[in-house]
Amino acid sequence: MTASKTFCILPWTSLATNASGNLRVCCNVIPGKGFICKPNKLEDNGGKTETYNPYKIWRDDMLEAWNSETYRTLRKQMLEGERPEMCARCFKEEDAGISSARERWNQQIDPDKEYTVDAPFDIKYVDIRLSNLCNLKCRMCNPYASNMWVKEWASVNDALQPHEYQRLSKMDWPEKEKTWENLFGIAHTVEEIYLTGGEPTVIKEQIKLLDYFIDNGTAKGIRLKYNTNLVKVPDWLLDKWQHFKTVKLNCSIDAVGELDRYIRHPSKWEVIQRNFDRIRQLPNGSIEIHCTVQMYNILRLHELIAWAKPYNHKIFFNILNHPEYLNIQCLPDKLKHQAEQSLQPYLDIPRAQSVIDYMWADSFTERLPQFYKYTHTLDKSRDEDLYSIVPEFKEYVQ
């Protein structure tokens with residue numbers, strides 16, 4: 001069957017996990033809805049009965065998962081032009097006139113290939129989160145993606161159950177032999193590996209994967225991709241990167257100076273700047289600046305663009321979708337107008353106009369009380385102050 005208007009190439013070519021090692025369709029799925037699950041089974045997870053049982057890369061056979069009921073249903077929906085519920089984020093962006101991850105991935109569709117519900121186990125792209133080990137606790141993050149958040153989470157959300165607190169404090173699944181058995185088992189077809197976390201530059205288990213390709217002489221045929229916050233770039237990792245075909249470094253920078261630290265606590269701007277200059281020297285490196293567009297930085301996005309422009313690296317705006325109280329569609333109209341005006345000199349930047357279009361595509365200012373409650377709670381916990389950094393919000397305090 002040929003590709004439909006809702007088709008996405010990833011369920012035919014990609015293997016992806018979340019930070020817990022659960023198999024999922026991709027990193028853009030709606031949180032909690034994109035897992036590849038075993039059918040009709042319940043799992044007792046530390047005393048809590050779950051109504052789903054995701055395949056786990058550290059426990060299960062990936063070949064069995066590949067044509068499981070979840071994957072087959074998803075592929076069938078896409079082939080028949082349906083919008084899978086788990087893929088709502090991409091379709092929401094497309095409806096707002098923004099190029100989505102689905103559309104970007106689909107540039108790789110082979111027009112002569114027949115896509116069916118059952119797909120050959122021919123993995124080209126691996127997106128793996130090697131646990132939640134991190135060195136930051138960004139305001140838009142959570143303990144499932146950063147262990148730094150575990151102790152503070154109870155201040156802004158329901159307290160973690162004891163078994164979850166323990167699990168998220170130290171995830172050890174990347175140490176399990178089955179993880180590497182699964183990854184090495186698909187290494188002969190893989191062309192690109194995306195490593196993130198957590199923060200991948202502090203996750204040492206990746207050495208097994210990098211050395212596997214270096215030692216068997218195939219590293220020169222592999223493209224690596226990282227998301228990194230640039231807080232730490234160890235020399236051993238820089239040395240290993242040079243063995244690979246290319247290393248694409250998506251640098252997570254959301255603002256300049258103190259605002260970036262406010263969002264990505266407790267980073268230091270001078271360290272980020274220094275490590276940014278270091279990785280620019282990597283001979284096989286390709287650098288992009290990835291900015292998560294959200295309530296905290298939308299009014300200062302123009303400052304980040306002005307800082308980045310002289311470097312001449314691509315800036316990619318990743319628009320935050322959840323939680324809604326940090327989504328820029330939550331902004332009061334007056335601040336939306338201010339944000340739009342500040343971006344006018346930079347509409348030549350790809351997706352800058354799309355950010356504006358998305359911001360105006362919907363409105364849920366009813367989430368503002370949640371925004372202020374969440375923000376002030378973190379301000380108190382971290383001895384910070386939103387109004388000293390983005391004073392415009394003070395006018396709308398609830």
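**Note on the predicted model**

1. Of the 126 residues in the largest nonpolar core, those that touch the most other members are W241, I253, I298, F317, F371 and F393. A nonpolar core is here a set of buried Ala, Val, Leu, Ile, Met, Phe, Trp, Tyr and Cys residues joined through side-chain atoms within 4.5 Å, and buried means under 20% relative accessible area, with exposed over 50% and partly exposed in between, for a 1.4 Å probe and protein chains only. The model is a predicted one, in which local features need pLDDT of at least 70 and side-chain atom pairs count only at pLDDT 80 or more, while totals for chains, interfaces and linings use all residues. Residues are numbered from 1 along each chain as its sequence is written, and side-chain values use heavy atoms, with hydrogens and water left out.

2. Not counting residues up to four places away in sequence, F317 touches C291, V293, L301, I305, I349, P350, R351, A352 and V355, where contact means heavy atoms within 4.5 Å. One of these partners, R351, has a positive phi near 75° although it is a residue other than glycine. R351 sits in the loop between α13 and α14 (352-361), and it is buried, with a relative accessible area of 14%. Helices (H or I, at least four residues) and strands (E, at least two) are DSSP runs, numbered from the N terminus.

3. N312 lies in the loop between α12 (301-308) and β10, and at 69% relative accessibility it counts as exposed. As background to both residues, most residues other than glycine have a negative phi, and most peptide bonds are trans.

4. G197 and G198 are joined by a cis bond with omega of about 15°, and G198 is found in the loop between β6 (192-196) and α8 (206-215). The bond from H322 to P323 is also cis, with omega near -5°, and P323 has its place in the loop between β10 and α13 (333-343).

5. Helix α4 (residues 88-95) has R89, C90, F91, E93 and E94 as buried residues. The elements that cover the buried residues of α4 include α5 (101-105) and β10 (314-319). After α4 comes G97, whose phi is positive, near 85°. E94 forms a salt bridge with R102, the closest N and O atoms being 3.0 Å apart, and both E94 and R102 are buried. A salt bridge is taken as a side-chain nitrogen of Lys or Arg within 4 Å of a carboxyl oxygen of Asp or Glu.

6. The structure holds 28 salt bridges, of which two further examples follow. D60 pairs with R59, with 3.0 Å between the closest N and O atoms; D60 is buried at a relative accessible area of 7%, whereas R59 is partly exposed at 31%. In helix α6 (residues 162-169), R167 and E164 lie 3 residues apart, about one turn of the helix, and their side chains meet in a salt bridge of 2.7 Å, N to O. R167 counts as partly exposed at 28% relative accessibility, while E164, at 7%, counts as buried. Elsewhere, salt bridges that share partners join K38, R59 and D60 into one network.

7. R75, in helix α3 (residues 69-79), is buried yet has no salt bridge, and the nearest side chain of opposite charge, D118, is 5.5 Å away. For charge, Lys and Arg count as positive and Asp and Glu as negative, while His and the chain ends are not counted. A polar atom of the R75 side chain lies 2.9 Å from the backbone oxygen of P11. Leaving aside neighbours within four places in sequence, R75 is in contact with P11, W12, W66, N67, T116, V117, D118 and A119.

8. F184, in helix α7 (residues 177-185), is partly exposed at 26% relative accessibility. Not counting residues up to four places away in sequence, F184 touches K208, L209 and Y212. F184 and K208 are 24 residues apart in sequence, and their C-alpha atoms are 9.8 Å apart in space.

How values were computed
Polar contact = N/O pair within 3.5 Å; in protein donor to acceptor, adjacent residues only side chain to side chain.
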